[in-house]
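Here's a quick briefing for anyone meeting this structure for the first time. Have a look at the chains and ligands below, then read on for the details.

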Amino acid sequence: MPFRQVFGQVFPLELAIALTVFALVLAVMAAAVLVSWRKRRRGEPAALREHWHVVEGAYAAALLGTAVFLIVTSFSANSRDFPRDPKPAVTVDVTGYEWCWKFHYAGSAVTVTGACLQGRPPVLVVPAGESVRVELTSADVLHAFWVPYLDFKMDAFPGHVNTFTVTFPHAGRWIGRCAQLCGLYHTSMDFWVQAVAPSAFRGWLAAGGSAAGLTAAGVHGR
Amino acid sequence: MSTGTAAAAAPREPVGLIGWLMTTDHKRIGILTLATGFVMFLFDGVLGLTMRAQLARPGQHILNTQQYNLFVTMHGTGMIAVSITPFALGLGVYLVPLQVGAPRIAAPRVTLLGYWLGVAGALLLVWGFLTPDGAAAGWWGYTPLSTTTYSPGAGMALWIAGVFLAASGMICQGATVLWTLLRMRAPGMTMLRMPVFSWTMVVTCLMTLASFPALLTAMGVLTASRLDPGLLTGNAWNLAYENLFWFYGHPVVYVMFFPFVGAVAEVIAVFSGRRFFNYTGTVFALLVFAALSMAVWGHHMFISGQESNDYFSLTSILLVIPAGMEYFGLAGTLFGGRLRYPVAMLFALAFIPQFLIGGLSGIMLGTPSVDYAVNNSYFVVAHFHYTLFAGSVFGFFAGVYFWWPKATGYLLDERAGRVHFVLMVIGANLTYLPMFFLGLKGMPRWMQTYPASSGFSTLSLVSSIGAGFIGLAVITFGYTVYVSSRARKPAGPDPWGGYSLEWLTSSPPPRFNYNGQYPIPVIRSFTPALDLRQRRRPDQPGRAEG
Ligand SMILES: [Cu+2]
Ligand SMILES: [Cu+2]
C-alpha cells in the first residue's frame, strides 16, 4: 500500500507549506491595510517606490527553492508509489463496465461480480498484509478504480491494461467507487474491498470464491 | 447599409438594434460579448444551483441521473466555453483599443464575427441540452463515452458543433485583440508602456491562439468518430483525445485567469494610490507564465496511468515561480499604498487570498501522489471553483465595478454593491471550502446523489446553503445595476483617478475613442493619465488621489 503511506507523508507536508504561504499573504495584506490607515491619519502620501530589486531577487530565489523542493518531493514520492514488485501474492484482473465491476483472480476460475444497480456492489476479497497486483481495464467507456482508503485511483481504459500494486495492511472492509464519468449510472458503481487473513483468503479462493465461502471462513460481511 | 438615395452621402452607421448587432465599434462588440456571456453565466449558474439543491440532502431525486449528467455537462461547458472565456476576451475587446490609444480594434468585422460565432455556439449548446438525450459526457467529452456508441443522440452532436463554433469565435476575437496590441498602439505607447491589463491580454490572446486549435482538432476527432464509429476506436485514440483536449483544457484556465488578474492589478494600483509595483518583472513573469503553462497539460492525466508523471509534475510545479512573481507585484502595490475601498477594490482584495487557495491547491495537484488521492473528487471541484469563481469571477466583478462608469457614463451604486460583495464572499467560501473536505472524505465528482451512510451529508448541506448565498449575490448585482441605471449618477471621464489612457476620454468614449476634445496625451510611461495629472500639479510628485 505505498500510495496511502506516500500520500500520508506528502500531503501534510504540502498542506503545511500552502497554509504558511496563505498566512504570509494574509499577513502582508493586513499590514498593507494598517500602513495605509496610519498614512491616512498622518496625512502621508502613498509610497513612491516601484521596484525593490534586492527583495525581488531574494523572493524569486525563495520561489525557486520552494519549487525545487516540491519537485524533488514529487519525484521521490512518485518513485515510491511504484516499487519494483516481482512477486505479488495475488493478481486480480479488474474490469469496469457499464455499470459495475468484475474481479477475476488470475490463475483461478474465480470471477466475482455484483449487481451495482440493485444496490449489491461486488466485493473484492484480498489477503490482508499481502501485496495485491491489480490489472485494470474496461469493457466499454472509461471508468476509474478508486478506493478512497488507499488514497489512490487509476483510470480503466478499454483496450489497455493499467497495472499497480496495493496492500491492505489489516483485515477490514473499505468502500470503492468509480471516479470517471461513465454514463447514466456512474453514481452506482460502488464496490467493496474486503481484506481477510491470508489463510482465510486462500480457503475462500479454493472453495470457488463464493460469498458463502467467505462466511464459512469466519469472515462476516455487512 | 447604404440606400440608393443616400449613396452620395457620407456612410452612416445603422442605428438602434441593427446598429448594435452589426456594429464595428469594438466597444459595442465588447459589451455584446460580455452581456451575452453574462446571460449564459446566469443560465449555467441556475444549473449549478439546481445541482446544489439536488445534493443538499442524501438520496434526493430533484434531478435523476440522466438529468444530473446533462446539468453537469452544460454547467461546465457553458461556464467555460460561452461565459467566462467570453468575459475574458470581451473585456479585452472593449478595453484594449482604449488602453493602447487605438481608434478602433484591428479587423472589427472579424471581431464581430467572433461574437456571432460565440452566440451560435451558445445556442447550439443550449439546443443540444434541450434535446431528449442531450449531451451528458461532461465538459471534457472524453471518448469513448462521447462517441455514437455510447452517446448516440443529436444532443452530443450539437454539443460538439457548439463547442467548435464558440472556440472559433474566441480565436477570432483573440486574434484581433492581439493584432491591436501589437500593431495599433498610439505614438509613444511602446510595448513596455502598456497598462498591466493590456499585457495580461497579450498573454491571454497568445494562449488562445496557441491552444484553442487543439480543441478544434479534438472536436474534429469526435466528429470523425461520429461519422464512422469504427474509425477511431482503441486506446491510442482515447489517449490522443485526452491529450488534445487538455492541450486546450489547461491553457484555457489561464485564458480565464489572466485578464481578471489584470483587472485586479489596475484596480489595486489605482485604489492604492500607487503605480503598479514591479511592472517590468510582472510583465516578464506573465510571458514566462504563459509559455510554461503550454507545457503542463499532462497533469490532468496522471490517473490515466499513461502519462509522463515526472515531466508534467516538474513543469506544473515550476508554475509557482511566475505565479509568485504576479503576487509579488500585487502585494508590493498594496503595501505602502493609501488604500481606498470602493466595491471594485473590495472584489480585487478578496480575489487575492481566494484565488491563492485555488492556486495553492492546484500546485498540490501537480504532485502525482496527491493527485491519485484527490483527482476526480470534490477536492478538485473545490480547487477549480476557487480559481474560476472565487478568483476569476471576483476579478471580473472588480473590473465591472471599475469600468462600468467608463462604459455607461454612470456610477454603480456603492451601497448595493457592498451588499453584493459581502454575499459573494460568504457564498463562495461557504460553497467551495467544504468541497475540499468532501473530496478528502472520498466523494467523487459527477455524483448524482449519495447515501446518508456515506458521511457526505453535512458538508454537502453547508455547500448547498452557500450556493444559495451566491444566488442571492447575483440577484443583488442585478438590483445594483437596476438602481444605478435609475439614479444615473454621472461618472465623468475619470471617477476614480485612473492611470491608463481610457480615463482621459469621455464616459462612454466617443465612436473612435479619442478626438480633439479628448486627445491622447504624450505617453511616457504605463500610467499616462497619472503622468498628465502630475504635469498639471507638479507639487505632488507621484501621488494619486487618495
Ligand atoms: Cu464507471
Ligand atoms: Cu491544468
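Let's begin with a cysteine: B:Cys172 is buried, at a relative accessible area of 15% (buried means under 20% relative accessible area, exposed over 50%, and partly exposed in between, with a 1.4 Å probe and protein chains only). B:Cys172 is in no disulfide, and the nearest cysteine sulfur, that of B:Cys205, is 12 Å away; a disulfide here is a pair of cysteine sulfur atoms within 2.5 Å.

Keep in mind that this is a predicted model, where local features need pLDDT of at least 70, side-chain atom pairs count only at pLDDT 80 or more, and totals for chains, interfaces and linings use all residues. Residues are numbered from 1 along each chain as its sequence is written, chains are lettered from A and ligands numbered from 1 in the order in which they are written, and side-chain values use heavy atoms, with hydrogens and water left out.

**Cysteines and the disulfide**

- How many disulfides does the structure hold over all chains? There is one, and it joins A:Cys100 to A:Cys116, with 2.0 Å from S to S.
- The torsion about that S-S bond is about 75 degrees, so the disulfide of A:Cys100 and A:Cys116 is right-handed.
- This pair links distant parts of the chain, 16 residues apart: A:Cys100 sits in strand S2 (residues 100-105) of chain A, and A:Cys116 in the loop between strand S3 (111-113) and strand S4 (123-127). Helices (H or I, at least four residues) and strands (E, at least two) are DSSP runs, numbered from the N terminus.
- A:Cys100 is buried at 3% relative accessible area, and A:Cys116 is buried at 7%.

**The copper ion in ligand 1**

- Which protein atoms are the donors of the copper ion (ligand 1)? They are A:His143 (ND1), A:Cys178 (SG), A:Cys182 (SG) and A:Met189 (SD), lying 2.1 to 2.5 Å from the copper ion.
- Donors are N, O and S atoms within 2.8 Å of the metal (3.2 Å for Na, K and Ca), and since water is not among the atoms, sites may look incomplete.
- The four donor atoms subtend angles of 90 to 123 degrees, which makes the arrangement tetrahedral (for four donors, that takes all angles between 85 and 135 degrees).
- A:His143 lies in strand S6 (residues 143-147) and A:Cys178 in strand S9 (residues 172-178) of chain A, so the pair ties together parts 35 residues apart in sequence.
- Both A:His143 and A:Cys178 are buried.
- Along the sequence, the donor residues of ligand 1 are spaced H-x34-C-x3-C-x6-M.

**The copper ion in ligand 2**

- B:His250 (ND1), B:His299 (NE2) and B:His300 (NE2) coordinate the copper ion (ligand 2) at 1.8 to 2.0 Å.
- Their spacing in sequence is H-x48-H-H.
- B:His250 is in helix H7 (residues 235-255) of chain B and B:His299 in the loop between helix H9 (279-292) and helix H10 (309-318), so the pair ties together parts 49 residues apart in sequence.
- B:His250 counts as buried at 6% relative accessibility, and B:His299 is buried at 12% relative accessible area.
- Helix H7 of chain B also holds B:Val255, which is buried with a relative accessible area of 0%.

**Cis peptide bonds and positive phi**

- The peptide bond from B:Thr143 to B:Pro144 is cis, with omega near -5 degrees; B:Pro144 is in the loop between helix H4 (108-130) and helix H5 (154-183) of chain B.
- Another cis bond runs from B:Ser507 to B:Pro508, with omega near -10 degrees.
- B:Ala107 is not a glycine, yet has a positive phi of about 45 degrees; B:Ala107 is partly exposed at 37% relative accessible area.
- B:Trp446, also a residue other than glycine, has a positive phi near 60 degrees, and B:Trp446 is buried at 7% relative accessible area.

Methods. Four donors count as tetrahedral if all angles lie between 85 and 135 degrees; four count as square planar and six as octahedral if opposite donors are over 155 degrees apart and all others between 65 and 115; anything else is irregular.
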